[in-house]
Amino acid sequence: MGDRTDWDDEQLAERVRGYYQHPAPSEPGARERLARTLAELPAPRRRAPLVTWLLGDRMVHLHAAVVLVVAAVMLVAGFSIGRLTAPRWPAASASNGLGASPKAQDPNRLVEFVLVAPGASCVSVVGDFNAWDAAATPMARQGAETWVVRVRLSPGRHVYAFVRDGERWISDPWAPLAPANEFGFRNSVVIVGESAES
């Protein structure tokens with residue numbers, strides 16, 4: 001047979017072709033054993049047409065679509081959770097200086113404005129509900145430093161401020177602030193809810 005290094009390429013190719021053209025005889029009964037073994041194996045699971053479609057060349061596009069859908073769901077969920085957990089400023093709360101009680105057959109609600117102003121000689125509340133008139137809604141002193149007034153307001157958003165001693169405008173420290181107005185001052189905001197009877 002000789003050393004393989006003695007063969008040229010043509011001889012080696014001819015020898016390999018010969019092996020493939022004349023396969024070695026199989027062992028008696030080998031085909032039958034192979035057929036029985038294959039028959040005993042569980043049938044391969046067929047992929048559903050959707051799975052076959054997904055695993056094709058569309059998989060890259062599917063991944064991008066899934067990422068976009070998940071991002072959109074997370075954005076909507078985050079926005080919803082933010083709205084649910086955002087601080088709410090009730091129109092009627094003893095802790096924020098504002099109180100309200102419904103009046104039968106009247107959609108307006110009584111809102112109590114409170115300001116602690118040590119040393120003030122007079123305080124009033126001004127807002128979109130009294131044409132920003134400092135003389136329209138004076139507050140009454142309660143104790144040495146607290147000023148109080150109750151005003152009936154319609155449901156909705158109202159902007160207001162306090163005026164101390166007829167000239168100094170003060171935002172309510174217990175209420176949210178509106179954006180700065182043309183004078184650079186930030187008024188306070190109160191949200192008046194619907195009456196319980198309405």
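The structure is a predicted model, in which local features need pLDDT of at least 70, side-chain atom pairs count only at pLDDT 80 or more, and totals for chains, interfaces and linings use all residues. Numbering runs from 1 along each chain as its sequence is written, and side-chain values use heavy atoms, with hydrogens and water left out.

The chain has 4 helices and 8 strands, taken as DSSP runs numbered from the N terminus (helices H or I, at least four residues; strands E, at least two). Along the sequence the pattern reads α-α-α-α-β-β-β-β-β-β-β-β. Taking contacts between residues at least 6 apart in sequence, 58% join residues at least 24 apart, a contact being heavy atoms within 4.5 Å.

Mean pLDDT (the predictor's confidence in each residue, from 0 to 100) is 75 for the chain, and 63% of the residues score at least 70. Strand β3 (residues 123-127) comes out highest at 95, while strand β1 (residues 100-103) is lowest at a mean of 46. Residues 85-103 stay under 50 throughout, although the model has 45 contacts for them beyond four places in sequence. Where pLDDT is low, the predicted coordinates should not be read in detail.

Over in the strands, V159 sits in β6 (residues 156-164) and is buried, at 12% relative accessibility. Leaving out residues up to four places away in sequence, V159 touches V126, G127, D128, F129, W132, A178, N187 and S188. A178 lies 19 residues from V159 in sequence, with 7.3 Å between the C-alpha atoms.

Aromatic pairs number 5, counting Phe, Tyr and Trp rings (the six-membered ring for Trp) with centres within 6.5 Å; planes under 30 degrees apart are stacked, over 60 edge-to-face and the rest tilted. Y160 and F162 pair edge-to-face, at 5.9 Å centre to centre and 75° between the planes. Y160 is buried at 0% relative accessibility, and F162 is also buried at 0%. Another edge-to-face pair, W169 and F185, has 6.2 Å between centres and 80° between planes. This pair links distant parts of the chain, 16 residues apart: W169 is in strand β7 (residues 168-170) and F185 in the loop between β7 and β8 (188-192). W169 is partly exposed, at 38%. Finally, F113, F129, Y160 and F162 make up one aromatic cluster.

Definitions and conventions
Buried means under 20% relative accessible area, exposed over 50%, partly exposed in between (1.4 Å probe, protein chains only).
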